[in-house]
Amino acid sequence: MIKAVTGTKDVLPSEIKNWYYVESLVKEIFTNFNYREIRTPIFEETSLFGRGIGEETDIVSKEMYTFVDRGNTSLTLKPEMTAAVVRAFIEHSLGAQQSINKLFYISQMFRQERPQAGRLRQFHQFGAEAIGSVSPFIDAEIIVIAYDILSKLGLKDLTVKINSLGTPAIREKYKTELKNYLSDKSDLLSQESKVRLEKNILRLFDSKSENDIAVMSNAPLLIDFLDEESLLHFNSVKVALVENSVPFEVDPKLVRGLDYYTHTAFEIISGKVGSQSALCGGGRYDNLIEELGGKPTPGVGFAAGIERILLAMENENVITKNYDVIDFYLIRIESDLESKAFELATLLRRNNYLVEMDYSNRSVKAQMREANRLNAKFTLWVGGDEYKDDSVMVKNMSGGEQSKISLKNFSSEIKKILEK
Ligand code: AMP
């Protein structure tokens, strides 16, 4: 039997309402903040991600789904959206049309990671990119949106962590300091951190190994190297968060995995999803657009993982049990009335009611069972004495009242019954 590929997941009809719920809330909140949706292709030229995310990052160096197509072009299924959105922003000169572009997305992403709870190879993110402003209020806005979406979904066990990564110049200076600090300690580090020491030194703060954590506990911190401008920016973000009731912690060890961040970086963590606890992450990227070939333009954004959010909602018991109901179930009393039942079902459906009927020539008893299973609010009985009288019977399944309605005035009589 062929099964779904490791790390991918079917979303079954029994779960889909939860997805609709998350997606509609996401769209509503983004819309209130005046973000407009952008959709980009599922794959891009591979070089976009190398240049955009950084060749030495985990994503680019080991997690991308890259393939050569029949035209000999190296393509990659998108592992994140920022580079793709920025590519579209530059390509369509969106910056020339308005000074700030506030964009949001909901899309699949692909990363060849080791699958576990909350970590998949094909997963979904929603997120935003606000391109064109250096204002710290835009950083704050992005964090407020992320926090509001998660809280409005009912999540309570949330921690917002923020940090400042300063400017690239400061970061380079700091990296040299960190390298000096680690120069006589590399023997104590895990194998993975030894590699990162050369390639992506900031990521040493992300290690889960106890030895690494011990070594890094006394390491110099980037936050102590920030210049006045970076500190001012960071301070304004923090004040705006306080004023807008977003609780947060400053985490000087929060570095994020991607190269392109400047100034603000943040994550929102759930206490309820185990080791893969980050529900969302983001930050400012003032140099990325220029690095990808655009005019120097600042930007800030975030991405949140939908599967992980649903897991947190499940574990916090905030997923309301799917209680599907339908408006009408049509019970066909005589088997030769299927065409009449179908005609009435279509009429009701065209009038915006959710309707089901039997297509398997089942007994009346089996049809009643089905009506109950589907939580029908009303059953509509087609056949019997009423039908001879050019009528059908409608039964309210909660109160039990029955009404005979004439087929001649079917639509208007149905309406009256529902209005009762
Ligand atoms: P990132 O783009 O790595 O900053 O991730 C942003 C968010 O996407 C994370 O906080 C997760 O919620 C989600 N995410 C990232 N990688 C995965 C994955 N492999 N599986 C499921 N969700 C993920």
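Biologist: Which side chain meets Arg362 in a salt bridge?

Modeller: The side chain of Glu370 does, with an N to O distance of 3.9 Å. Keep in mind that this is a predicted model.

Biologist: Is Glu370 buried or exposed?

Modeller: Glu370 is buried, since its relative accessible area is 14% and the cut-off for buried is under 20%.

Biologist: What else does Glu370 meet in a salt bridge?

Modeller: Arg373, and there the N to O distance is 3.1 Å.

Biologist: How many residues apart are Arg373 and Glu370?

Modeller: They are 3 residues apart in helix H14, which covers residues 364-373, so about one helical turn separates them.

Biologist: And Arg373, buried or exposed?

Modeller: Exposed, because its relative accessible area is 58% and exposed means over 50%.

Biologist: How many salt bridges are there in the whole structure?

Modeller: A search of the whole structure gives 27. Some residues are joined in a network of salt bridges: Asp58, Lys62, Glu192, Arg196, Arg203 and Asp206.

Biologist: Which residue pairs with Lys272?

Modeller: Asp157 does; the two side chains form a salt bridge with an N to O distance of 2.9 Å.

Biologist: What are their relative accessible areas?

Modeller: Lys272 has 35% and Asp157 has 28%. Each therefore counts as partly exposed.

Biologist: New topic, the ligand. How many residues surround it?

Modeller: The ligand is surrounded by 14 residues, and the closest are Arg111, Glu113, Leu120, Arg256 and Ala278. By class, the shell has 6 nonpolar, 3 polar and 5 charged residues.

Biologist: Which strands supply at least two residues each?

Modeller: Strands S6 (122-131), S10 (278-284) and S11 (299-305) do. S10 gives the most, with 3 residues.

Biologist: Which side chain has an N or O atom 2.7 Å from a nitrogen atom of the ligand?

Modeller: That is the side chain of Glu113. An oxygen atom of the ligand is 2.9 Å from an N or O atom in the side chain of Gln125. Cys280 is on the list through its backbone: one of its backbone N or O atoms lies 3.4 Å from a ligand oxygen atom.

Biologist: How much of the ligand's accessible area does the protein cover?

Modeller: On its own the ligand has 480 Å² of accessible area, and the protein covers 91% of that.

Biologist: Last one. Where is Thr40?

Modeller: Thr40 is in the loop between strand S1 (36-37) and strand S2 (43-45). Thr40 is buried, as its relative accessible area is 13%.

Biologist: What does its side chain make a polar contact with?

Modeller: The side chain of Thr40 makes one with the side chain of Lys78, at 3.0 Å.

Biologist: And which residues is Thr40 in contact with, leaving aside neighbours within four places in sequence?

Modeller: Lys78 again, together with Met81, Ala84, Arg87 and Ala88.

How values were computed:
Residues numbered from 1 in each chain as written. Predicted model: local features only at pLDDT ≥ 70, side-chain atom pairs only at ≥ 80, totals over all residues. Heavy atoms only, no water. Near = heavy atom within 4 Å. Polar contact = N/O pair within 3.5 Å; in protein donor to acceptor, adjacent residues only side chain to side chain. Areas by Shrake-Rupley, 256 points an atom, 1.4 Å probe, with all protein chains shown as cover. Helix = DSSP H or I, 4+ residues; strand = E, 2+ residues; numbered from the N terminus. Nonpolar A, V, L, I, M, F, W, Y, C, P; charged D, E, K, R; others polar. Salt bridge = Lys/Arg side-chain N within 4 Å of Asp/Glu carboxyl O. Buried < 20%, exposed > 50% of the residue type's maximum accessible area, 1.4 Å probe, protein only. Contact = heavy atoms within 4.5 Å.
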